[in-house]
Amino acid sequence: MEDQFLHDLKAQPSPEFAARLRATLRAVPPNAVARVAPAANRAKWFAAAASIAVVGFAFTLPTVQAAAEAFLDLFRVRQFTGVQFDPQRLESLGSSGISPESIFGNVEPLTDFEIQPVSYATVAEAGQAAGITVRTPAWLPNHFSSTGITVSGEHAARITINTAGLQAVLDTLGLADVELPEGLDGQTATVRVPPIATQTYVSSEAVVTRDGSSIERSVHIVQARSPDVSFPAGLDLSKLAYAGLRVLGMSRDEAYRMSVTIDWRTTLIVPVPSKALAYRPINVAGNEGLLIEGVAADEAWPGGVLMWSTGDETFAVAGAVSGEELLEIAQNLQ
Amino acid sequence: MATEGEVLSRSFLGIAAAEPNWDSVYTEQLPRVYNFFRYRLGNDAIAEDLTSRTFEKAWAARSRYRRDVAGFSTWLISIARNVATDHLRAQRPHLPLEAAEDIAAKGTPHDEVANESDLTRLSQLLKKLPQREQELVALKYGAEATNRAIAELTGLSESNVGTILHRVVQALRRDW
């Protein structure tokens, strides 16, 4: 047979490798694997992906969320790390009488958070308004076309930290092992989020769900200069990070390991709701990004958000398409 | 009209029924995925790494597998293809050198070295071909996919797959 030489090149995986991989798969924790989305989430998964992007980037900040997002943004964004958490864990704080606005202290908006994003006729005009060169996709999934580009204004806020609010959270969650950094109370941090350009692409083919309703599939490409955050010198970021990771539900060992190994001045933690299907680091044109793929078990289409940073700019591509398609879009921005 | 609860139940049952036996899947599919990467990239260490990524990804996304859309092997190989594409995008300029260094540094038994050398030789010959042809060889001879399965994966017609592979094999045979 003339192709026998091609068959003969096959090899068996080594038993050590096979055993190692099997052990790795068995060790995957239950909360890191796929789940069936509840019906209530049907057709909402882009909203979930978008909310992840909002949390991650502090984009389009509503006043109430500004505190949490600004606090998470006490770092210059150069890379991203996902941390899974159960939203119900944080929602339970509300039932304990803890107001989200008071967790971190006083938030003083330095810009008008009510101003809506402005639409621009061309990418060049939008780029000029945002102070960046907007990159457009050379590749999109079939049937997707542009519906416009908007730019939000610069947002800024000053946070004066009140450790009493943080301690109340720790007490409510029973986190006796967490010690807040000394001298934190009364410290201020200033968060500046530069203008954000958002391109929207919509599919001409609507998706019909099981119940007969129609869903519009869209993809958003978000680009901005990286948020710039100033905070007091000497702040023990690893100790603060440990507290944040424990609040999100991470184990003591894992939170400690992460808190002392991550560069908190360049790494943005992205809380990933446990309903998300999976998240992983991913290479985007030589830059390490974070891909979060959403639950779509009862949907006709999957979805996710891919975020990465290059140079002084931060990007996100989010929408009701597969992770592979998100990556393809990201790799083909020009 | 079905109530939402009924629809959910059916959905759940459908997903449960589509769940493969993972132990069997692992045993059957590991060599196919591993050899797909060996043929695609010509490097054992990279093949192990990408095989791990493929299985981890498949395991994490297993609820998205739909038996009515594709056979399990086809689904798994489609994930492997994407993993390979990601890898090639990131590593393409360095692959030939890495492959050569890896084999040179191994000091494996003679028969393994011979096999590795043949693999390296095949890899070098394949690199002269377009990416599509390289991938077809990896799917056919590494992953042991049928022409029909390859057609499903690549969007080519089954006869086109056969024609391309025949041409590629003849060319490889000539240069071997």
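In the predicted model, Val202(A) has Ser218(A), a residue of strand 10 of chain A, as its bridge partner. Strands, like helices, are DSSP runs numbered from the N terminus, with at least two residues (E) for a strand and at least four (H or I) for a helix. Strand 7 (residues 196–203) of chain A and strand 10 (residues 218–225) of chain A run antiparallel and are joined by seven bridges. Two strands count as paired if DSSP finds at least two bridges between them. Strands of a sheet pair through backbone hydrogen bonds, in either a parallel or an antiparallel manner.

The model is predicted, so local features need pLDDT of at least 70 and side-chain atom pairs count only at pLDDT 80 or more, whereas totals for chains, interfaces and linings use all residues. Residues are numbered from 1 along each chain as its sequence is written, while chains are lettered from A and ligands numbered from 1 in the order in which they are written.

The largest nonpolar core has 40 residues, and among the members that touch the most others are Leu306(A), Val317(A) and Ala330(A). A nonpolar core is a set of buried Ala, Val, Leu, Ile, Met, Phe, Trp, Tyr and Cys residues joined through C-beta atoms within 7 Å. A residue is buried if 20 or more other C-beta atoms lie within 10 Å of its own, exposed if 12 or fewer, and partly exposed in between, with C-beta atoms placed from the backbone. Leaving aside residues up to four places away in sequence, Ala330(A) touches Val284(A), Leu306(A), Trp308(A) and Val317(A); contact requires C-beta atoms, placed from the backbone, within 7 Å. A second, separate core of 38 residues includes Leu6(A) and Phe37(B).

Strand 6 (residues 188–193) of chain A pairs with strand 5 (residues 155–161) of chain A in the antiparallel sense over six bridges.

Conventions: Two residues are in contact if their C-beta atoms, placed from the backbone, lie within 7 Å.
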